Amino acid sequence: YGGFWARFLALIIDLCLIGPIMGIFIYLEYSTYPEGAWASFSEFLWAEEGVSIDPDSVSGTGVIWAVWVEFVSVLVPSSFSPFILGGLVAEAVFNIWFVVTRSATPGKMILGLKIVDANTGEKPSVGQCIGRHFAFILSNVPFCLGLLWVVWDKRKQSFHDRLAGTVVIKAKNKDSFIGEDVPSSWAKKA
């Protein structure tokens, strides 16, 4: 099974690939405000609330709180802008397309990991791939405990793997991400 650190590194690789695309959407979002694209995050955040704040007086705790408030505001439908929504859609299409077509994201492919159905060891269904992607959001709440679950689980399943009925395995052949690379215990019975 794919362990925590391999999966974490795969996520970092994926973020490096999708990051520039997300960055374009973030730039477009911030450039619509009078302060411009590179305005201080805290000024932007509190300006929406009508609160004046001196960026030099923000403590580490204040920055963490500001990031948390912004994260939660993205989850509230009234705060979606076309740019933020576009970025989220681009990220979802990126992840879901790779998992549906290759059973792995680029980061997982590079590290030789593969996502399979937890019961059959076969390629996950489209529904499982979509469900797994959106369940990933739940794995991040609270404090990424759903992601850390991989550390204690005997099959190294995260919360979103359990919800979608998938498991991450080490692929036998790094060049093949569609075939039957499953543990022998899942061999089909005739």
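**Exercise 1.** Determine whether Phe94 is buried or exposed in this predicted model.

*Solution.* Next, take its relative accessibility, which is 14%. Buried means under 20% relative accessible area, exposed over 50%, and partly exposed in between (1.4 Å probe, protein chains only). Phe94 therefore counts as buried.

As to the basis of these values, the model is predicted, local features need pLDDT of at least 70, side-chain atom pairs count only at pLDDT 80 or more, and totals for chains, interfaces and linings use all residues. Residues are numbered from 1 along each chain as its sequence is written, and side-chain values use heavy atoms, with hydrogens and water left out.

**Exercise 2.** Identify the residues that Phe94 contacts, leaving aside neighbours within four places in sequence.

*Solution.* Contact requires heavy atoms within 4.5 Å. On this basis, the partners of Phe94 are Asp14, Leu17, Ile18 and Pro106.

**Exercise 3.** Describe the surroundings of His133.

*Solution.* Begin with its position: His133 is part of helix α6 (residues 126-139). Its relative accessible area is 11%, so His133 is buried. Then list its contacts: not counting residues up to four places away in sequence, His133 touches Glu91, Ala92, Asn95 and Ile96. Finally, the side chains of His133 and Glu91 form a polar contact at 3.4 Å. Such a contact is a pair of N or O atoms within 3.5 Å; within protein, one must be able to donate a hydrogen and the other to accept it, and residues adjacent in sequence count only if both atoms are side-chain atoms.

Conventions:
Helices (H or I, at least four residues) and strands (E, at least two) are DSSP runs, numbered from the N terminus.
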